[in-house]
Amino acid sequence: MTAWEKQASRRAIWFLLPALGMLAVFVAWPLIRAAWWSVTDADLLATDDAHWIGAENYSDLLRDPRFRHAFLNTALFAILIVPLQTLLAMVLALWVNRPEPAWRWLRTVFFLPVVVSLPVLAVVWTLLYQPEQAGETGLINRLTSVFGFADRAWLRDPSLALPALAAMSIWQGVGLQMMVFLAGLQGVSREQLEAAQLDGASAWQRLVHVVIPSLRNTIAFVVTVTTILAFRLFVQPYLMTRGGPDDRTLSLVQYMYETTFLNLELGRACAAALLFLTWVGFLTWLQRTLFNEEKS
Amino acid sequence: MTPCFLKIPDGLKRYPLVGIVCWLAALVGAHAAQDVRLRVWSHQGQEAENHAVREIAEAFNAAHRDRGWTVELSFFPDFQYTEKLAVAAAARDLPDVFDLDGPLVARFADVGLLKPLDEFLSDAERADFLPTILAQGTVDGRLYALGSFDSALVLYYDRELLARAGVTPPVEGQGWSWDEFVKACEKLKTAGIEPVALHMNESADEWFTYAFSPVVWSAGGRLIAQDIARVRGELTSEAAVRGVRAWQELFARGFAATDPVEPDPFGQGRVAMDWSGHWMARGHLATKGDRLGVMPLPSLGTPAAACGSWCWAISAETKQQEAAVAWLRWVTEAETGVVPLVRANGAVPARRAAFAHFPEYEQMPYALFRAQLETSARPRPRTPFYAMLTHRFAAALRDISRGADVESRLRKAEEAVQRVIDRKRPTKTAEASRP
Amino acid sequence: MSGRRRDHITRWAEALLGSASVVVALLFLAPLLWTLIGSFRVEEAIFRLDAASLIDPRMWTIENYGDAWRRASLGPALAVSIGQVALIVAGGLLVNSLAAYAFARLQFRGSDALFAAVVMLIILPVEVIAVPMFFTARDLGLTGGLGPALAGLTLPFMAKAFNIYFLRQHFLNLPRQIEEAAVLDGARVWAQYWRIALPSIKPALATVVVLDVLTHWGDFLWPLLIGTREETRTVQIGLANLFTQPPVQWGDILACAVIATLPVLVMFRWLQRYIVATQVHTGIK
């Protein structure tokens, strides 16, 4: 061990202490508390008076149709979002991936909704989706009516509300994913592309055989992140639909929120949170294994 | 030369963030230096109501300037108000005084968050409140909350539509028995008129418990045995099942819509009767005029009506008890609180002394609102398990309206609620057995 | 001859692609443009976009901004929001880069296991622990008035597993020779970090700043929980209140939306070159 290394390991503790201390207090400790409360009947207003009840919260949740409903809604939202957003982000990235500075403005355009925050856009889109009401029609119904579609109450129609939230969310988030793909595209080997071009490969063939395979890691990353983000759905239904109509847009996080603050059932809400965490962990693991296998 | 204390330290120039932190710290300091104030929270409500609360607070402040009491009002949107209260209660950061919805009183009182009000209220004051207001705020024999106004639930009808179907309404102030009600529905249906609007499209659970508990009560049932916190066997008691079965029949026979879309089909003239509250009175009077009639809800035995609304409570941890009590008294006093509030929101005054200011209470439909609150109205169950109860009961009613078997569906609901109560009961029974 | 023709075609294709881009961009931006226009329209004209009403000066107003500012108390709300983001970014940069540097350079027994534990926290959604985190904040006195609430808004989010992981990658990519040369000069570990390592990963730090600003400017659930008083409302909460409290004035809401966006747009303008230069590239593994 050199003198430098000796000094280094003695100093390490001071370097790590602030961040790890904060993570311990604000992340690890709450997680442990959540795990404890999830096996008790803890009440939001009287947390000291919590009794051990074993797995009852969990078995209750799994039997609760509303929880199942919330889970299925959120899963459906993810299924709507993940493939579409990933594909669209890739298309946009290929489109704006040009060296000329003149094209930079287009990147900014697609990235702009990411900069404008989600709560702001949730509010704005509620107005955009507005059906005709006393002569006031939202922008979206105006656009669809140009193509001859009937006026629709997007957010109040049970079969349209969730897809409407998904469409808004894709529009909002696609710019960030596009940036990730743009970064990934810088890693595509120029030689390979040129070689393929010399071999007479069409643009499409180059895309399928050269570009996409070398984007595999990027795609895996984008899919994983988008899935996790989709399962965290909260602001859109909270502000735009309040979980309605008919609970069709009730999300997992919203269910947890209501269980905690309206029913005051802290224990049950924590159990829901841990099930949620298990699910997110499982998805991450699944996607890692799937993409790794493909690679080998 | 610049004096050195006017120079900006180099650090601040170089690190704007340090500057921001200092500026924020100064902001915090400025706030801390202000006077002690009475923190009061209220739900946002309609703009007129909101405005009224602000004016009441200004009047209070002006009247108590000599004592140095200032009410600092905070409003939170209705849809997040209950959550906000729960969070503040959990954080032990409740304001000195706040308003809350009637059924929440027991929940908050149960965990000791509310200050009992009995000692602050003289017998004369107490006697001036409507009995429903006192009942709503009383949990286990102690008074925890007082409202400035109350609500009423009635059956509005359209005289012309009833006449067209050959239905005679009851004498003014009287209600139908359930059989008479069903017969009237039959006649209306035959005449091609939709008989009654039950507002099943209401998304809040609360509407169901509020509007249809009276059916259970009038059949002789109850939702919960309040004193011993027992639901099992109550929701499925013979009386309760009889009541809910009679109610289900209204949907099964097509007298009421299970999934209406319009918020006010009665006002539009499509439906002959409206099972609804005092808040529709102004609108209905405006559209129907003399055609509007009103009667108590149909009865399955004992006439029963609903009541309950927002009420004011004092935090158990307030350090400004005297000022808090003064505010509570001010806002529930006829002249200073009740009259301006009721003018703004059209609810039923909570104080007998206040009715003199509202001549409309001499006539229908308002006279019936008051009469019901004085005699047949009952508050919703005052139990800490109310949130759970209302949630399950409402879900059961929704399913039953669509054809679910009454007894088994109610049993499912009562089992779900009872399971939670049983778990909590050890503490509950321990308290009850205390002398 | 054929070469000139191909040039011709390419130019046509370029022009076509360019105009298609403009059209798509306009469609894509329509919601934001509509927001901007609507924020300057009188209430009854917000949903009217016909030519007649667009040129009618009586249909335009700037009063929405004043009303929104007053009704949502945007002055204090902006101060809270800006303070919140600034504190998270500043504190976060410091603590995360310190930890990242230790994990990258200061090996000790168990450091790998500790790092693995940190990495596992990356996927932990904040919603899972929001409620117990709220209780922790309460226990530490981080709720209530402006000062405590500001601490409560920021302290829990300074240390971030992903940022530690991300910055560590960048520290690892630095050539070791620079630092060792410095050791020979007698520089100490702190100086190594502060004078040499940190300035060398500026683009990565900028990326972290951008991600943190974007995330926390849009924070909603946590400010909703921690803010139990009017004076601790953030801009987003102010907007949500404006959106839900009667009477609902669309013009005020849109004006508030614009105001809520401006600070982060300015920030974005300033940081844009870093976003383009670095991107989230090295975070992908």
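1. In this predicted model, α4(C) passes α7(C) in a right-handed crossing, a term that applies when the near helix is turned clockwise from the far one by less than a right angle, anticlockwise being left-handed. The axes of helix α4 (residues 74–105) and helix α7 (residues 146–158) of chain C come within 8 Å and cross at roughly 40°; axes here are lines fitted to C-alpha atoms, for helices over the stretch in contact, with angles running from 0 to 180 degrees between N-to-C directions. The two helices α4(C) and α7(C) are therefore oblique to each other, given that angles under 35 degrees count as roughly parallel, over 145 as roughly antiparallel, 65 to 115 as roughly perpendicular and the rest as oblique. Helices (H or I, at least four residues) and strands (E, at least two) are DSSP runs, numbered from the N terminus.

2. On the α4(C) side, the residues that meet α7(C) include Val80(C), Leu87(C), Gly91(C), Gly92(C) and Val95(C), while the α7(C) side includes Leu150(C), Thr154(C) and Phe157(C), contact meaning heavy atoms within 4.5 Å. By class, this contact of α4(C) with α7(C) has nine nonpolar, five polar and no charged residues, where Ala, Val, Leu, Ile, Met, Phe, Trp, Tyr, Cys and Pro count as nonpolar, Asp, Glu, Lys and Arg as charged, and the others, Gly among them, as polar.

3. In chain A, helix α3 (residues 65–96) packs against helix α7 (residues 161–185) at an angle of about 40°, with their axes 6 Å apart, which makes α3(A) oblique to α7(A). The crossing of α3(A) past α7(A) is right-handed, and the residues of their contact divide into 22 nonpolar, six polar and no charged.

4. In chain B, the axes of helix α10 (residues 205–218) and helix α16 (residues 386–401) come within 9 Å and cross at roughly 80°, and α10(B) and α16(B) are therefore roughly perpendicular to each other. Among the residues that meet are Asp205(B), Glu206(B) and Phe212(B) in α10(B), and His391(B), Phe393(B) and Arg398(B) in α16(B); by class, this contact has seven nonpolar, four polar and three charged residues.

5. A search of the whole structure finds 13 cavities of 30 Å³ or more, a cavity being a set of points, on a 1 Å grid over the protein atoms alone, where a 1.4 Å probe fits but cannot get out, with lining residues having an atom within 4 Å of a point. The largest cavity has a volume of about 130 Å³, and of the 16 residues that line it, the closest to its centre are Met256(A), Tyr257(A), Thr260(A), Glu127(C) and Val131(C). Its lining divides into 14 nonpolar, one polar and one charged residue, and α12 (252–261) and α13 (266–295) of chain A, together with α6 (126–139) and α12 (221–226) of chain C, each supply at least two residues.

6. Two backbone features of chain B deserve a look. The peptide bond from Met364(B) to Pro365(B) is cis, with omega near -5°, and Pro365(B) is placed in the loop between β14 (348–349) and α15 (366–374). His199(B), in the loop between β9 (194–197) and α10 of chain B, has a positive phi of about 55° although it is not a glycine.

7. Residues are numbered from 1 along each chain as its sequence is written, and chains are lettered from A and ligands numbered from 1 in the order in which they are written. Local features need pLDDT of at least 70 and side-chain atom pairs count only at pLDDT 80 or more, whereas totals for chains, interfaces and linings use all residues; side-chain values use heavy atoms, with hydrogens and water left out.

Conventions: 1 Å grid on protein atoms, 1.4 Å probe; cavity = no way out; pocket = protein on both sides within 12 Å on 5 of 7 lines; lining within 4 Å. Points joined across faces, edges and corners; volume = space filled by probe spheres on them.
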